[in-house]
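I opened the notebook to look up how the chains meet and which side chains pair. The entries follow in the order I made them.

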Amino acid sequence: MSINWFKFSSPATFYPLAGKLIPIFGVLTALIGIFGLYWGFFQTPDVLTDQKQYYRIIFIHVPAAWMSMWLYVIVVAWSLIGLIFNARLAYMIAAAVAPTGAIMTVLALFTGAVWGKTSWGTWWDWDPRMTSELILLFIYVGYMALRSAIEDNRRSDRASAVLALVGLVCIPVIFWSVNCPDPNQCAALHQSSSMSGIESNILFAMLTMTVSFWMYCFLVPLMRARNIILEREHDTAWVTEMLEVKK
Amino acid sequence: MSITEFFHMGGFGLFIWSSVGVTFALMAIEIIVVKKQHGTISKRLTRMLRMNKKVDQ
């Protein structure tokens with residue numbers, strides 16, 4: 001079966017499709033999230049060798065941190081598609097994803113601070129991982145501020161897409177801030193993100209929560225994309241037609 | 001494990017539940033805000049449409 005992907009690059013086709021997908025992602029977010037939390041709180045050991053119950057923050061912290069970085073890659077990917085194909089829908093999706101990415105970054109920083117207080121005895125440290133994650137938050141905020149500062153949609157699309165591309169440099173810095181080949185060269189307080197040695201139930205709950213967060217990261221940007229489309233395409237025939245049918 | 005023990009989390013309840021709570025609160029607020037925006041935009045556009053029609057008539 002061949003799918004004409006270019007058909008979906010039209011806001012008029014994407015809008016109703018997104019409307020159909022939203023409830024599906026909503027249900028998936030809730031069900032998988034409830035299951036993940038149940039597993040994380042009831043099927044895992046209370047105390048580990050080096051961490052007590054507070055390690056359970058992992059079920060929120062890791063998914064939020066992963067999504068904060070992943071969503072930035074998505075913003076850049078859509079911005080790039082927008083720049084290459086001059087596709088206005090791609091810019092709109094990038095704009096719809098960014099605020100959710102910023103929220104994920106705030107959550108990663110907040111839960112990280114709380115976990116840091118219990119585990120290291122400090123809310124904050126200018127450690128490479130935390131500092132680079134904070135810079136990511138500033139990049140998200142800068143991207144959103146630039147978009148809203150330029151009135152002309154086409155110019156704001158292109159300017160913010162270029163800014164997003166430049167900001168991509170932050171992602172490998174965040175990743176390698178704790179995973180550098182020579183541990184002596186990056187003395188981070190934050191532990192490296194190795195999956196080995198993690199108890200299987202904890203890993204399972206963490207990955208389940210990640211899937212739930214991922215579904216959420218489809219849900220809200222799809223909702224926001226529809227708002228952006230409505231706002232921007234309000235003088236087109238299909239929006240007028242749709243509003244008339246709704247009345 | 002009793003309910004009190006569950007919420008106490010070995011003395012770390014405040015840390016764990018604040019993480020979970022803030023996450024849910026932010027997610028819920030984001031959904032509500034985006035949903036409200038949708039309502040506001042639709043209403044405004046419908047009103048504009050009606051006004052334009054009146055002008056045309």
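I began with the rule for salt bridges: a side-chain nitrogen of Lys or Arg within 4 Å of a carboxyl oxygen of Asp or Glu. By that rule, the side chains of Glu30(B) and Arg224(A) meet in a salt bridge at 2.7 Å, N to O. Glu30(B) lies in helix 2 of chain B and Arg224(A) in helix 7 of chain A, so this pair joins two chains. I take helices as DSSP runs of H or I with at least four residues, numbered from the N terminus. Both Glu30(B) and Arg224(A) are buried. For burial I use relative accessible area: buried is under 20%, exposed is over 50%, and partly exposed is in between (1.4 Å probe, protein chains only).

**Ground rules.** I note that this is a predicted model, where local features need pLDDT of at least 70 and side-chain atom pairs count only at pLDDT 80 or more, while totals for chains, interfaces and linings use all residues. Residues are numbered from 1 along each chain as its sequence is written, chains are lettered from A and ligands numbered from 1 in the order in which they are written, and side-chain values use heavy atoms, with hydrogens and water left out.

**Interface.** I looked up the contacts between the two chains, with contact meaning heavy atoms within 4.5 Å. I found 31 residues of chain B in contact with 39 residues of chain A. The two chains bury about 3,100 Å² between them, and 76% of that is on carbon and sulfur atoms. Buried area here is the accessible area (1.4 Å probe) that two parts lose on being put together, summed over both.

The rule finds three salt bridges across it. One of them is Glu231(A) with Arg44(B), whose closest N and O atoms are 2.2 Å apart. Helix 2 of chain B, residues 13-56, gives the most to the side of chain B that touches chain A: 26 residues. By class, that side has 18 nonpolar, eight polar and five charged residues. In this scheme Ala, Val, Leu, Ile, Met, Phe, Trp, Tyr, Cys and Pro are nonpolar, Asp, Glu, Lys and Arg are charged, and the others, Gly among them, are polar.

**Two threonines.** I picked Thr23(B), which is found in helix 2 of chain B. Thr23(B) is buried, at 1% relative accessible area. The side chain of Thr23(B) reaches the backbone oxygen of Ser19(B) at 2.7 Å. That falls within the polar contact rule: N or O atoms within 3.5 Å, one able to donate a hydrogen and the other to accept it within protein, with residues adjacent in sequence counted only if both atoms are side-chain atoms. Not counting residues up to four places away in sequence, Thr23(B) touches Ile60(A), Leu107(A), Thr111(A) and Phe213(A).

Thr111(A) is buried, at 0% relative accessibility. A polar contact of 3.0 Å joins the side chains of Thr111(A) and His61(A).

**Salt-bridge network.** Over all chains, the structure holds seven salt bridges. Which residues are linked in a network of salt bridges? I found Arg147(A), Asp157(A) and Arg232(A). Arg147(A) and Asp157(A) bridge at 2.7 Å between the closest N and O atoms. Asp157(A) and Arg232(A) bridge at 2.9 Å. Asp157(A) lies in helix 5 of chain A and Arg232(A) in helix 7 (residues 200-232), so this pair ties together parts that are 75 residues apart in sequence. Arg147(A) is buried at 12%, Asp157(A) at 4% and Arg232(A) at 19%.

**Rings.** I counted 20 aromatic pairs over all chains. Rings of Phe, Tyr and Trp (its six-membered ring) pair if their centres lie within 6.5 Å; planes under 30 degrees apart are stacked, over 60 edge-to-face, and the rest tilted. The ring centres of Phe35(A) and Trp39(A) are 5.6 Å apart with planes at 45°, so the pair is tilted. Both of these residues belong to one aromatic cluster, whose members include Phe204(A), Phe6(B) and Trp17(B).
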